[in-house]
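Keep the sequence and the model side by side as you read.

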Amino acid sequence: MSRIIVKQLPKHITEDKLRQIFGAQGTITDLQLKYTPDGKFRQFCFVGYSSEDEAQAAIRHLDNTCIQTSRVRVESCAALGSESKPQSWSKYAKDSKKNLDKLKAEEEAAKAGTKIQSSKEKKKKDDKVEQILGKHKDDPEFQEFLQAHDKTRTLWGNDLGINGNQNEEENDEDKSEQDEEDTPAGRDDSGVDADAGDEETAADDENEEDAGKLAEKPISDLEYMKSLMAGKATTPATPTKKATTKADKSNLELFTIKIHNVPYNTKRQEVLKFFKPLKPYSVRLPSKVHGFCYVGFKTEKDMAKGMLKNKSFIKGKQVFFSDFTEKNKVTKAGKSGQTVTPATTETGNAKWKQQQDGLSKEDDISESGRIFFRNLAYTTTEEELRQLFEQYGPVVEVNLPVDKLTRKIKGFGTVTYMMPEHALKAFNALDGTDFHGRLLHLLPGKDIAEKTAQDDLDENDASLSFKQKKALKLKKNAQKPIGWNTLFMGANAVAEILAKQFKTTKEKILDTSDGGSSAAVRLALGETQIVIEMKRFLEAEGVRLNAFDEPPKRRSNTVILAKNLPAATETSELTPLFSRFGPIGRIVLPPSGVTALIEYCDPSEARQAFKKLAYSKFKNAPLYLEWAPDEVFTTTLSGEPVIPKSEPKEEKREEKKEKPEESQKETPEEEEKPIAEDADDEPEPNTTLFLRNLNFKTVQETVERHFRHLGSIHTVEIAKRKDPENPRQLNSLGYGFIQFKKSAVAEHALKNMQLTHIDGNPVELKRSDRVLKSQDQAGAQRRLAAQKMQTGTKILVRNIPFQAQYREVRDIFKAFGELRSLRIPKKATGGEESHRGFGFVDYMSKAEAKRAFEALSASTHLYGRRLVLEWSANDDSQDVEELRKRTAAKFGESQAATAAKRSRKSFFDVEAVAPAGDDDEEEDGH
């Protein structure tokens, strides 16, 4: 924990004084003095340091010391929500015992108060009901109303006369009420037609009830008939239930999106599929007018998510959205004859509304894999954050914004994981934890809202042309570490540079009518000369050229390599283009102006520049960008020397070679581990064995120690896979492979070491034809090293273009010295004079051969193909013999393939095919 708490401080201490005292122990990242709501100092504070060691040093140095007249206590802070946190005793602390008891008492009192209040309100309601009903207890019309609304009343009770019989038993003396209740039943029996429908009978019943009520009034017969006629006229005007439900559905207020540029034959199901996983409530496609449609959503949040699909494609056509909610309300109100005022936007709360909209569009971490973090110390670097988050899974990107004025980080950023479950795991583990003396606050990351129309395009879209698809694919793959030739120059750029150097035109350089070498030779030699000058310039500017020769294991996050620039490009042309995204530390541009190194001060600005400028148009050509290898410069921007990780090992080896006697005296243990004579040799064929039933705890060192007494071991591999619970941990699968240097040792182990016990498990050995990864990597490294080590005066030249002539190859190599011989083997087929694409060049002296090798192996292209140079390891006759063996093996393979394809009726000669199979096995072994 790099955060400490300081208690029992003086009442009138200041923040500056505390920074002066505690800043002597390390870099302070956070200092908080705690006050009450009234502004009274609570006499304690929190101090955050950049590292845990500094915090522990402050505790050791300042605990139980006096500041002014108070003896302070300095302790390490407990983690947020930790059970080891001591109980708070201050009355100002929310989690103190006194405040917790007070809160409980208030909650209990509030519950008791609500119960008393609810009982009082219930009593008041009951008194009020009794007061209202007491007035109408004796009213016969009110009693009739209660009977009509009684839930226990039998359906059609009046028709069956049940209610009348009950009243007869209860009130035998009251004959008037008996007559009133008997008359409707008698009317129903006598006046209603039996064949009439249910609706007519119900209407007649209502009319007869009204007629019964009218009969009690003292009116004439004429008025009585008029009232009955008026009642019949009003009954047909009552609406049905279906009409009301339709009206209710049409009056639903939906949030509507109008989609423009909809294809002609688009159907409703296709629009619904377009919005998945969202479910629109309604989709309206006009039948008479085409080109647009309306989509309605029940909630505004669903509409906001639907608007994110703006500028997407339906059937290859790009569609555009517009909010049609307010206009839809106005049109509905116009149809119904009402007036609706459109909602006015509040300018004062525009920023608040924008924030609310952003929160509504927020995705879940388990879907996006993106986390937003804040409350960082301003000294935090991107590399430290990457190391922190990579503990829980592979990280795709860490974005740490930098303030353009102060050039410090803003204290927040985002991290994106490759797998969303790793992001969820990191969120649960790191939220509220201590990082560089501050409490790290994590939130779900928002989706990237600023998407252009090009970002929405898909390279598989049928509406795009082949050229557009290729451009999109190149743009998306721009940030992938592609192994391009760093010093490559186009033929046009080479011709322009040569014309400028010799003060002539490109036409004269490429013109061969006056004799001399061909245009391809001139361009190849000109490119070689320009590359040599470029190398000298880059070395003078502090660039390590070895970083470009080796395959880069790690790429820089601040240095961008701009390649294949138009000839004679100047720094003044590149500076305004790249400086738009942030301050540039340095630009290294050779005099030829075809390749440049641009270093930014901040990684986030470099990433932004790379994304925006990759494959964009610069002058008359696309801009090819690549991340440069890590540690490409010998010095940093501040002037400090950069020591690559590979260099110190070489220095140690040299020291050991210079002082072998001292190393033997100082380290006698090294004598016990002698280096085998064949350690650098390639393993023989058929030396790999499969190890079965290995213990899951067995490691490579244990297997090596077990088989070391048999002979020299080339490599050992144990099959592993990632632990699903902890992806950074690898678990053994219970089997592996071992490869010896000599095939005789492998045979001996296969016969005599069968079912040998390793870590308690009997291990079964089998022969394996598998080529181990470590073998490939080690072999490739040895081949690269062997290719660069000079063995004599002979050079093997590969990748010679088939259209290149003998004279052109000779003209290129004789420019560096006198040739002893040049041999380019021809094809064996008759009637063709073309060569086989490789050759041997032999110089008179080693110095001339070395000069030609260093100059031409960098980047020399003949007819567009790069010449690949290697030192010839053997004599000329041996090389030819090896080539003949390979050719015979391939010919044997082709013969075996044709024999296998014969028809079933033909005779299969086993003796003729068997030797070919033996040759195949020998060739596979070599």
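Start at Leu597. Leaving aside residues up to four places away in sequence, Leu597 touches Val543, Phe548, Val559, Ile560, Leu561, Arg586, Ile587, Val588, Ala628 and Phe633. Contact here means heavy atoms within 4.5 Å.

This is a predicted model, in which local features need pLDDT of at least 70 and side-chain atom pairs count only at pLDDT 80 or more, while totals for chains, interfaces and linings use all residues. Residues are numbered from 1 along each chain as its sequence is written, and side-chain values use heavy atoms, with hydrogens and water left out.

Leu597 belongs to the largest nonpolar core, which has 26 residues. Such a core is a set of buried Ala, Val, Leu, Ile, Met, Phe, Trp, Tyr and Cys residues joined through side-chain atoms within 4.5 Å. Buried means under 20% relative accessible area, exposed means over 50%, and partly exposed lies in between (1.4 Å probe, protein chains only). Met489, Val543, Phe548, Leu597, Val632 and Phe633 touch the most other members. Two or more residues each come from α20 (491-501), α22 (519-540) and β19 (555-563). Helices (H or I, at least four residues) and strands (E, at least two) are DSSP runs, numbered from the N terminus. The largest share, six residues, comes from α20.

Arg586 lies over the face of Phe633, 3.8 Å from the ring centre. The rule asks for NZ of Lys or CZ of Arg within 6 Å of the ring centre and within 35 degrees of the ring normal.

Now follow strand β19 to Lys563. Is Lys563 buried or exposed? Lys563 counts as buried because its relative accessibility is 6%. Its side chain makes a polar contact with the side chain of Glu626, at 3.1 Å. That term means a pair of N or O atoms within 3.5 Å; within protein, one must be able to donate a hydrogen and the other to accept it, and residues adjacent in sequence count only if both atoms are side-chain atoms.

Helix α25 (residues 603-613) is mostly covered, with eight of its eleven residues buried. Among them are Pro603, Ala606, Phe610 and Leu613. The buried residues of α25 pack against several elements, including β19, β21 (596-600) and β24 (624-629). Just after α25, Tyr615 takes a positive phi of about 60°.
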